[in-house]
Amino acid sequence: MSTTTGFAEEATTSPTSPIVYLDDVGKSYGNVHALRGVTLAVRQGEITCVLGDNGAGKSTLIKIIAGLHEHTDGVLSVNGEERRFSSPRESLDSGIATVYQDLALAPLMSVWRNFFLGNEITKAFGTMDATRMKRIANEELTKMGISIPNLEQPVGMLSGGQRQCIAIARAIYFGAKVLILDEPTAALGVKQSGVVLKYIVKARDAGLGVVFITHNPHHAYLVGNHFVVLKLGRVSLDTHRADISLEQLTNEMAGGSELEALSHELRGVDPELVVERVEGNGQVAVESPLDKGAG
Ligand SMILES: Nc1ncnc2c1ncn2[C@@H]1O[C@H](COP(=O)(O)OP(=O)(O)OP(=O)(O)O)[C@@H](O)[C@H]1O
């Protein structure tokens with residue numbers, strides 16, 4: 001087992017029934033089967049990490065839960081009731097908040113305006129209650145431990161990490177039961193990723209069911225209670241933290257069994273002639289004389 005410590009260690013695995021449940025869900029775009037037979041349970045107080053390489057089907061999965069695309073097979077249920085969302089509003093109204101990588105924040109508007117974007121508090125005659133909104137935004141961000149000294153500053157001036165945190169705090173305040181985060185750390189450096197991971201844990205500790213989409217097993221393992229790996233639209237691994245180490249998760253992402261098969265194929269080839277290259281996405285590329293027809 002890995003000795004890596006993470007925020008996840010304080011978590012308890014809850015045996016509650018899932019808030020969101022995908023049962024054998026599939027999605028085809030014409031002849032392209034983006035997802036096939038995906039079963040996924042999102043539980044309250046748990047961080048479910050959905051990992052996968054480019055084209056694995058992560059975006060398609062999010063879009064189904066967020067109401068952007070309808071699934072073509074299987075059943076999606078929320079709190080035990082079968083649902084088929086035909087708009088993002090329907091998903092949101094069911095308590096599912098989705099925070100996309102390119103956040104739906106208005107960069108030129110202030111922090112507090114962004115916090116209430118689309119949910120503004122009004123006074124009599126429909127005028128905005130700015131004082132109240134500023135007070136609440138300040139209280140809520142402070143409660144989450146998010147330090148933004150000037151709530152009047154445009155959101156565009158904040159760091160990517162701070163913007164993600166505002167989006168998470170906003171989802172919690174407006175009563176989300178499930179928070180879906182689409183690669184929230186993908187564009188961030190190590191320090192900012194750490195800050196965002198901390199707020200992902202806070203969202204879980206506030207009782208939400210969190211779906212953390214990522215291609216980074218290290219980030220996932222720091223916070224995750226439950227890991228689902230997608231490969232070419234299918235679930236290739238579904239396991240809980242107690243049953244997997246960081247090394248095993250990383251290996252699964254790097255294509256453990258495929259690599260094994262490959263090494264079997266390469267048996268008998270002079271290893272000196274085989275070059276392994278670890279690429280940016282963690283995949284191992286193997287160059288061998290077999291490719292060049294040599295050997
Ligand atoms: N609108 C679409 N029409 C046709 N094919 C699509 C569409 N959207 C996705 N696909 C295909 O479905 C498969 C899964 O794509 P998806 O975007 O869900 O994967 P992903 O894991 O999110 O990848 P990435 O990280 O690159 O976004 C891919 O083969 C993709 O080409």
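Predicted model: local features only at pLDDT ≥ 70, side-chain atom pairs only at ≥ 80, totals over all residues.
Residues are numbered from 1 along each chain as its sequence is written.

**Overall picture**

The protein has nine helices and twelve strands; these are DSSP runs (H or I, at least four residues, for helices; E, at least two, for strands), numbered from the N terminus. Buried residues make up 35% of the 295 residues. Here a residue is buried if 20 or more other C-beta atoms lie within 10 Å of its own, exposed if 12 or fewer, and partly exposed in between, with C-beta atoms placed from the backbone. Of the contacts between residues at least 6 apart in sequence, 67% join residues at least 24 apart. A contact needs C-beta atoms, placed from the backbone, within 7 Å.

Angles run from 0 to 180 degrees between N-to-C directions, using axes fitted as lines to C-alpha atoms (for helices, over the stretch in contact).

| Strand pair | Bridges | Direction | Residues standing opposite |
|---|---|---|---|
| β1 (20-29) and β2 | seven | antiparallel | Lys27 and Leu35 |
| β1 and β4 (73-78) | five | antiparallel | Val20 and Val78 |
| β4 and β5 | three | antiparallel | Val78 and Glu81 |

The β1 and β2 hairpin has two residues between the strands, and Gly30 there takes a positive phi near 60 degrees.

**The six-stranded sheet**

The other open sheet is mixed, in the order β6-β7-β8-β3-β9-β10. β6 (96-99) and β10 (234-240) sit at its edges with a single partner strand each, so one side of each has no neighbour in the sheet. The twist here averages 15 degrees from one strand to the next. Inside this sheet, β7 and β8 (209-214) run parallel and are joined by five bridges; Asp182 has Ile213 in β8 as its bridge partner. Helix α5 packs on the sheet, touching β6 and β7, and its direction makes about 175 degrees with that of β6. Helix α8 (246-253) lies across β3 (47-52), β9 (226-231) and β10, at about 15 degrees to β9.

**The core**

The largest nonpolar core has 66 residues, and those with the most contacts inside it are Val178, Leu179, Ile180, Ile200 and Phe212. Such a core is a set of buried Ala, Val, Leu, Ile, Met, Phe, Trp, Tyr and Cys residues joined through C-beta atoms within 7 Å. Its largest share, six residues, comes from α5. Leaving out residues up to four places away in sequence, Ile180 touches Ile62, Ile65, Ala66, Ile96, Thr98, Val99 and Val211.

Phe174 sits in the loop between α5 (160-173) and β7 (178-182). Phe174 counts as partly exposed because it has 15 C-beta neighbours inside 10 Å.

**Around the ligand**

The residues surrounding the ligand include Tyr29, Val32, Asn54, Lys58, Ser59 and Thr60, where a surrounding residue has its C-beta atom, placed from the backbone, within 6 Å. β2 (32-42) and α1 (58-66) are the elements giving two or more residues to this shell, and α1 supplies the largest share, three residues.

Notes. Pairing = 2+ DSSP bridges. Contact = placed C-beta atoms within 7 Å.
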